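Please look at the sequence and the structure before reading on.

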Amino acid sequence: MSSTIVFTDIDRTLAFPPEIGGTREVVSIPGGVTSVIARTTIEKVAALRRQGVIFCVATGRRFRGAIGLFNVLPLDHLLIEHGCVIIGQDGRPDAAWEMLQRPTTGVFGKHEGSLWEFERILQREGLTTDSDGRWASFRVGVKANSLSEKMVQELLMRTLPEGITRTMNLGDIDFLPTSGGKLNASRFITARYGIAIDATVAMGDDRNDIELLAVAGFPVTLVGATSEVIELVRKRGGYIASKEAHEGAILMLDWIAIKCNASV
């Protein structure tokens, strides 16, 4: 494998809260989400891209919390809101991808589609939701709503309107169009470049990464990931970095470089 696409989650995969440290020099990611990324990680991503690797971050973050990544990491594409919105290097949503989401989301930013009608139903039921600044997803915070485990499971098992799905991210429940998601967005990107999905690398640590990790040719994670992710990557013969946080991120990028016959 000499040329590929890397799809990676950001939070707790490449970037971490400042208190999760080590001795690496770190850079803060602008945008309101408090997290830092090791300078060595940034340098290794840059080295991979110089050697032809296409690098995409796929994250649950909304635009304002994610766009600052372009100022820190050398990226080709930014897949935000679990891949429901694809941002190019010009900082704008991909128009073709947006059109695929419109049956559920309506025009990005207008909150007029069926996804938002469902959000209003949950609000009338007494749930507090977060869609501020989101174009194609909304969140039900578990702590923000003081949800018991039983209530969480009821939301996860609830029959959803057509065209809407859900995922867990950092302990909260996000609702999004079935046409979106990290896997669908990744397939959209791979088709554009003419690269098969089984020739790509996927890096992730949480439940919302599982679909992509299950089909990418080279799944990668680190020991701090959720048990479901670690089990999946192990079963698929992927790579599990033996260290957590920044040291784990660096190990994952070193492994990818070996697979790509690259030097970082």
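What is the order of the strands in the open sheet of four strands?

The model discussed here is predicted. The strands of the open sheet follow the order β8-β9-β11-β10, and their pairing is antiparallel. The edges are taken by β8 (129–130) and β10, each of which has a single partner strand, so one side of each is left without a neighbour in the sheet.

Strand β11 covers residues 172–177. Is this strand buried or exposed? Six of its six residues are buried, so β11 is largely enclosed by the rest of the structure. A residue is called buried here when its relative accessible area is under 20%.

On one pairing, strand β9 (residues 138–140) runs antiparallel to β11 and is joined to it by three bridges. R139 has D174 of β11 as its bridge partner, and V140 stands opposite I173 in β11.

On another pairing, strand β10 (residues 164–169) is also antiparallel to β11, with six bridges between them. Here M168 has I173 as its bridge partner in β11.

## The turn between β10 and β11

How many residues lie between β10 and β11 in their hairpin? There are two, and L170 in this turn has a positive phi of about 50°.

## The whole chain

In the protein chain there are nine helices and 14 strands. A compact globule of 264 residues would have a radius of gyration near 18 Å, and the chain agrees with this because its own value is 18 Å. Along the principal axes, the C-alpha atoms fill a box of roughly 55 × 40 × 35 Å.

Of the 264 residues, 55% are buried. Among contacts with a separation of 6 or more, 51% are between residues 24 or more positions apart in the protein chain.

## Surface and charge

The protein chain exposes about 11,400 Å², and carbon and sulfur atoms supply 49% of that area. Its side chains include 29 positive and 31 negative ones. The centres of these two sets lie 2 Å apart.

Key
Residues are numbered from 1 along each chain as its sequence is written. This is a predicted model: local features need pLDDT of at least 70, side-chain atom pairs count only at pLDDT 80 or more; totals for chains, interfaces and linings use all residues. Side-chain values use heavy atoms; hydrogens and water are left out. The radius of gyration is taken over C-alpha atoms; the globule rule is 2.2 Å times the number of residues to the power 0.38. Buried means under 20% relative accessible area, exposed over 50%, partly exposed in between (1.4 Å probe, protein chains only). Contact means heavy atoms within 4.5 Å. Accessible areas come from the Shrake-Rupley method with a 1.4 Å probe; for residues, only the protein chains shown count as cover. Lys and Arg count as positive and Asp and Glu as negative; His and the chain ends are not counted. The place of a charge is taken as NZ of Lys, CZ of Arg, CG of Asp or CD of Glu. Two strands pair if DSSP finds at least two bridges between them.
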